[in-house]
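Dear colleague,

Please find below the structure that I am handing over to you. The notes that follow set out what was found in it.

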Amino acid sequence: MGAATSLSTFFFAMTTGRFLGSRYADRIAPLPRAQQVDLLVKLAGFIDARREATGDMVVIGPGRGMIGLLDPARGLDPKEITALATGYGATATIFKQTEASQTIRQVADAFLEAVGKAAAAGAPTTIVVLGHGAPEEIQSYSISFERLAAAFVDGAAGGAATQAPAQGIELGHITLVCDDCYSADFLINFGDALERECRMRRLALASPPVCIAGTNRDCVGHADSGEKFVPHFWKDVIELFYVRQPRPTQITLRDFFEKVDNMMYGYGRAPSVGRDGAVTYRLVDPKLCQDPVVFVPLGEKELAALRAILGLPADAPLPRLLDIG
């Protein structure tokens with residue numbers, strides 16, 4: 001790796017890899033400065049490799065299923081998902097409390113049943129949650145991260161007849177998108193709960209789902225609340241891949257961690273153009289910064305490589321979901 005590449009990768013580590021580095025700060029801090037830099041560069045290279053390896057994964061596209069859970073509040077129209085699904089040849093099922101005869105609990109139960117069926121079926125499916133959230137739950141429907149994890153495991157375990165039991169719980173065909181407050185915190189809690197649920201049942205977790213958070217850790221989400229109520233993250237997805245023409249044939253994971261992430265960078269920051277034409281940003285209101293996060297599953301090979309970089313024992317536990325920015 002050349003000096004220029006090392007420097008750019010180092011700065012990538014200091015941004016995208018900061019949470020991974022902070023998790024193992026006790027191992028990094030005692031090292032000499034040069035070794036710290038070397039380790040951070042290796043972590044950045046690892047993250048960059050996962051971005052490259054997973055970037056072409058389809059999130060919305062022909063033949064893919066979509067499940068939407070929309071906040072009961074006014075303005076969040078099912079078309080925010082169904083129009084996008086139709087435009088890309090996907091099929092959508094929407095859950096939203098719209099009738100007095102339908103309780104929050106009934107909608108939540110129906111949604112979780114659909115999640116379980118998607119986990120069991122093995123068909124590519126993207127689940128989109130739009131509304132209010134907290135680190136512990138999807139607030140709009142009082143669905144805790146433990147309950148969501150249990151629904152996935154229930155479904156996948158019940159569908160074991162369609163796969164060899166040795167494969168364990170396979171959820172790699174699922175993409176879970178949450179655009180609500182503290183969605184990264186919620187998804188981290190969900191990923192941990194998924195692993196605990198599998199251990200408790202003595203089931204191997206072959207792969208967790210891909211997860212996309214509209215807000216970073218300890219961040220609230222924001223929305224335009226005029227005639228329509230649409231969270232900023234999903235609003236930008238619609239703008240980029242539905243309103244603008246020509247549309248791509250499918251929306252990939254790279255579209256989220258590059259194009260959507262770049263568009264979201266403008267919230268809370270103001271651009272300025274230098275004399276050389278370079279665009280930089282200055283922070284205006286940190287409360288408006290959401291900085292979305294993409295989490296991808298790690299297989300045994302990737303976990304072993306990450307342990308080697310960190311100098312951890314071969315059996316050291318590591319989270320199965322990796323933040324790739």
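For the helix pairs described here, an axis is a line fitted to the C-alpha atoms over the stretch in contact, and the angle between two axes runs from 0 to 180 degrees between their N-to-C directions. Please bear in mind throughout that this is a predicted model.

Helices α4 and α11

Helix α4 covers residues 33-54 and helix α11 covers residues 300-310; their axes cross at roughly 165° and come within 10 Å. Angles over 145 degrees count as roughly antiparallel, and α4 and α11 are therefore roughly antiparallel to each other. Their crossing is left-handed. On the side of α4, the contact is made by Leu39, Lys42, Leu43, Phe46 and Arg50, and on the side of α11 by Glu302, Ala305, Leu306, Ile309 and Leu310. Seven of these contact residues of α4 and α11 are nonpolar and three are charged, with no polar residue.

Helices α5 and α9

A second pair is formed by helix α5 (residues 79-87) and helix α9 (residues 232-243), which pack at an angle of about 25° with their axes 11 Å apart. Because angles under 35 degrees count as roughly parallel, α5 is roughly parallel to α9. The crossing of α5 and α9 is left-handed. Helix α5 contributes Glu80, Ile81, Ala83 and Leu84 to the contact, while α9 contributes Trp234, Val237, Ile238, Phe241 and Tyr242. By class, the contact of α5 with α9 has eight nonpolar residues, one charged residue and no polar ones.

Helices α7 and α8

The axes of helix α7 (residues 145-158) and α8 come within 8 Å, and they cross at roughly 50°. That angle makes α7 oblique to α8. The crossing of α7 and α8 is right-handed. From α7, the contact includes Phe145, Leu148 and Phe152, and from α8 it includes Phe186, Phe190 and Leu194. Eleven residues of the contact of α7 with α8 are nonpolar, one is polar and three are charged.

The second largest pocket

The lining of the second largest pocket divides into twelve nonpolar, six charged and two polar residues.

Two points in the backbone

Most residues other than glycine have a negative phi, and most peptide bonds are trans. Two places in this model may be read against that background. Tyr182 is not a glycine, yet its phi is positive, at about 55°. Tyr182 sits in the loop between β8 (174-179) and α8. The peptide bond from Gln245 to Pro246 is cis, with omega near -5°. Pro246 lies in the loop between α9 and β13 (251-252).

With kind regards

Terms used:
Residues are numbered from 1 along each chain as its sequence is written. This is a predicted model: local features need pLDDT of at least 70, side-chain atom pairs count only at pLDDT 80 or more; totals for chains, interfaces and linings use all residues. Side-chain values use heavy atoms; hydrogens and water are left out. Helices (H or I, at least four residues) and strands (E, at least two) are DSSP runs, numbered from the N terminus. Angles under 35 degrees count as roughly parallel, over 145 as roughly antiparallel, 65 to 115 as roughly perpendicular and the rest as oblique. A crossing is left-handed if the near helix is turned anticlockwise from the far one by less than a right angle, and right-handed if clockwise. Contact means heavy atoms within 4.5 Å. Ala, Val, Leu, Ile, Met, Phe, Trp, Tyr, Cys and Pro count as nonpolar, Asp, Glu, Lys and Arg as charged, and the others, Gly among them, as polar.
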